[in-house]
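Have the sequence and the 3D view open side by side, and turn the model as you read. We'll take it piece by piece.

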Amino acid sequence: MRFEGTAVAMVTPFFEDGTIDEEGYRQNINWLIDQDVDGLVAAGTTGESATLSHAEHRKVLDIMIDEVDGRVTTIAGTGSNATTEAIDLTKYADDVGADMALLITPYYNKPQQHGVIEHYTQIANVVDIDLVTYNVPSRTSLDMAPETIVELAKVDNITALKEASSDVDKTSKTMSLLRDAGLDDDIVILSGSDELTLPLMSVGARGVISASANIDPRRMVQMVNNILDANYDKALELHYEMYDLIKALFIETSPAPAKEALTMMGMPAGPLRLPLVPMLEENKVVLRKALEDAGIL
């Protein structure tokens, strides 16, 4: 499938004892759908996938797919630095009815570029679900080259790239290579850096997978839709309305600020799992002011 628009990389709400708050998760899903988002991502980086057990990972996917019930696109985080583990999780997402799977590039291993191609190709060959590749070098120490993305675009069910390298010129080069190869309709680029969504879309990206949209979904949806409709003046206005809040939501490692913001808003979030810890008090002050200035509090 070809995804365009705004998908939210959802937080995973926990109770104080660390167990998953299922009803809170369902509440957040319905609130986000009411804000007109186009898709939801479960068990991604923002959902603290690194500290979910495999059983919890599957539970989060089950909850999302059940609660969404076809209303928006469901995207299952299924990435791992072990190809066999990523295959198992992606097969599960496929079996339970997710629309797409989001797979981060292998972290820590730091594979060669041709190893990255083999990793994704092996996964794609054993599932029917459409795959979103996820390039986030700040988390993985690996940056997918534009040429690698072109090779992956040739694989039938690799249909999107979440690009979080914070390099607009790289996205331009990637789009140029895809266009030259006649593959620009085969893979959609989605922004993975909220503050760069507008510039990335200006050079060819078709939407965003957003962490900040946990907090301010409607404006993100409106900005993305205005860009897709070529209403650039309104999109620029919305970009700057959100800019300070987006920066505040990344003042510490995500999803710590997003969870703190949801708590301030009275919405389900709960604690973080170690090794992430609560925000510093001085940063909470910055975040609260940004929420107030944005009219959210």
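Predicted model: local features only at pLDDT ≥ 70, side-chain atom pairs only at ≥ 80, totals over all residues.

Residues are numbered from 1 along each chain as its sequence is written, and side-chain values use heavy atoms, with hydrogens and water left out.

Let's start with helix 2 (54-68). Helices (H or I, at least four residues) and strands (E, at least two) are DSSP runs, numbered from the N terminus. The expected span of a helix is 1.5 Å times one less than its number of residues. Buried means under 20% relative accessible area, exposed over 50%, and partly exposed in between (1.4 Å probe, protein chains only). By that rule, the buried residues of helix 2 include Glu56, His57, Val60 and Leu61. They pack against helix 1, strand 2 (39-42), strand 3 (73-77) and helix 3, where contact means heavy atoms within 4.5 Å.

Now move along to helix 4 (residues 113-125), where 13 residues should span 18 Å and the end C-alpha atoms are 18 Å apart, which agrees. Val116, His119, Tyr120, Thr121, Ile123 and Ala124 are buried here. Among the elements covering them are strand 5 (130-135) and helix 6 (146-153). How enclosed is helix 6 by the rest of the structure? Largely, because six of its eight residues are buried: Pro146, Thr148, Ile149, Val150, Leu152 and Ala153. Their cover includes helix 4, strand 5, strand 6 and helix 7 (168-180).

Next, look for the largest pocket, which holds about 590 Å³ of space. Of the 29 residues that line the largest pocket, Thr45, Ser49, Ala50, Thr51 and Tyr107 are the closest to its centre. Strand 4 gives the most to the lining, with three residues. On a 1 Å grid over the protein atoms alone, a pocket is an open set of points where a 1.4 Å probe fits, with protein on both sides within 12 Å along at least five of seven lines; lining residues have an atom within 4 Å of a point. Grid points are joined across faces, edges and corners, and the volume is the space filled by probe spheres set on the points.

Glutamate 16 sits in the loop between strand 1 (5-9) and helix 1 (22-34), and counts as exposed because its relative accessible area is 70%. Its C-alpha atom is 6.4 Å from that of glycine 270, although 254 residues separate the two along the chain.

Alanine 256, in helix 11 (residues 256-264), is buried because its relative accessible area is 5%. Leaving aside neighbours within four places in sequence, alanine 256 touches Leu272, Val277 and Met279.

Aspartate 194 lies in the loop between strand 7 (188-191) and helix 8 (197-202). Aspartate 194 is buried yet has no salt bridge, and the nearest side chain of opposite charge, lysine 162, is 7.0 Å away. A salt bridge needs a side-chain nitrogen of Lys or Arg within 4 Å of a carboxyl oxygen of Asp or Glu; Lys and Arg count as positive, Asp and Glu as negative, while His and the chain ends are not counted.
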